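Thanks, everyone. I'll keep this short, and please have the viewer open while I talk.

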Amino acid sequence: MNITVIAPGKLKEAYLRDAVEEYRKRISAYAKLEIVELTPEKLPDDPSASQIEAALEKEAVAILRKIP
């Protein structure tokens, strides 16, 4: 079985990366786990509703492209 997690953003904190690696190690006997981190869209400091909507749409397209 293959499990793919697609997420906008990066795991920055070391404790989260360590937790992911521990989970990957534990589940490896049952499934292959792949984590795909996408670069989130940049927004200005005070984005308008249309800018937020456009950024979400771009992220949605990027996520759909990564679905195996």
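Find it in the loop between S2 and H2. This is a predicted model, so please hear every value as computed. Strand S2 covers 32-38, and helix H2 covers 49-66.

The cut-offs are under 20% for buried and over 50% for exposed, with partly exposed in between.

What does Leu-43 touch, leaving out residues up to four places away in sequence? The contacts are Gln-51, Ile-52 and Ala-55. Ala-54 gives a sense of distance here. Leu-43 and Ala-54 are eleven residues apart in sequence. Their C-alpha atoms are 9.9 Å apart in space.

Setting aside residues up to four places away in sequence, Glu-41 touches Ala-55, Lys-58 and Glu-59.

Glu-59 deserves a stop of its own. This residue lies in helix H2. How far is Glu-59 from Glu-41? In sequence, they are 18 residues apart. In space, the separation is 6.8 Å, C-alpha to C-alpha. Beyond residues up to four places away, Glu-59 touches Pro-8, Pro-40 and Glu-41.

Here is the point I would flag. Glu-59 is buried, yet it has no salt bridge. Which side chain of opposite charge is nearest to Glu-59? That is Lys-42, at 9.6 Å. The salt-bridge cut-off is 4 Å, so at 9.6 Å Lys-42 does not qualify as a partner for Glu-59.

Where are the salt bridges, then? A search of the whole structure finds three. Turn to helix H1, residues 14-27.

Start with Arg-24. Arg-24 pairs with Glu-21, and the closest N and O atoms are 3.4 Å apart. Both residues sit in H1, three apart, about one turn of the helix. Arg-24 has a relative accessible area of 26%, which makes it partly exposed. Glu-21 is at 44% and also counts as partly exposed.

Next, Lys-25. Lys-25 forms a salt bridge with Glu-22, again with closest N and O atoms 3.4 Å apart. Lys-25 and Glu-22 are three residues apart in H1, so about one helical turn separates them. Lys-25 is exposed, at 56% relative accessible area. Glu-22 is partly exposed, at 31%.

Glu-22 has another partner. Its side chain meets that of Arg-26 in a salt bridge, 2.8 Å from N to O. Glu-22 and Arg-26 are both in H1, four residues apart, about one turn of the helix. Arg-26 is exposed, with a relative accessible area of 60%. Taken together, Glu-22, Lys-25 and Arg-26 are linked in a network of salt bridges.

Now zoom out to the whole chain. What does the chain contain? The count is two helices and two strands. Along the sequence, the pattern reads β-α-β-α. The radius of gyration is 15 Å, well over the 11 Å that the globule rule gives for 68 residues, so the chain is more spread out than a compact globule. The C-alpha trace spans about 45 × 30 × 15 Å along its principal axes.

A few totals to finish. Of the 68 residues, 13% count as buried. The accessible surface comes to about 5,600 Å². Carbon and sulfur atoms account for 56% of that surface. Then the contacts. Take those between residues at least 6 apart in sequence: 69% join residues at least 24 apart.

To recap, keep two places in view. Thanks.

Note on methods:
Residues numbered from 1 in each chain as written. Predicted model: local features only at pLDDT ≥ 70, side-chain atom pairs only at ≥ 80, totals over all residues. Heavy atoms only, no water. Buried < 20%, exposed > 50% of the residue type's maximum accessible area, 1.4 Å probe, protein only. Lys, Arg positive; Asp, Glu negative; His and termini not counted. Contact = heavy atoms within 4.5 Å. Rg over C-alpha atoms; globule rule 2.2 N^0.38 Å. Areas by Shrake-Rupley, 256 points an atom, 1.4 Å probe, with all protein chains shown as cover.
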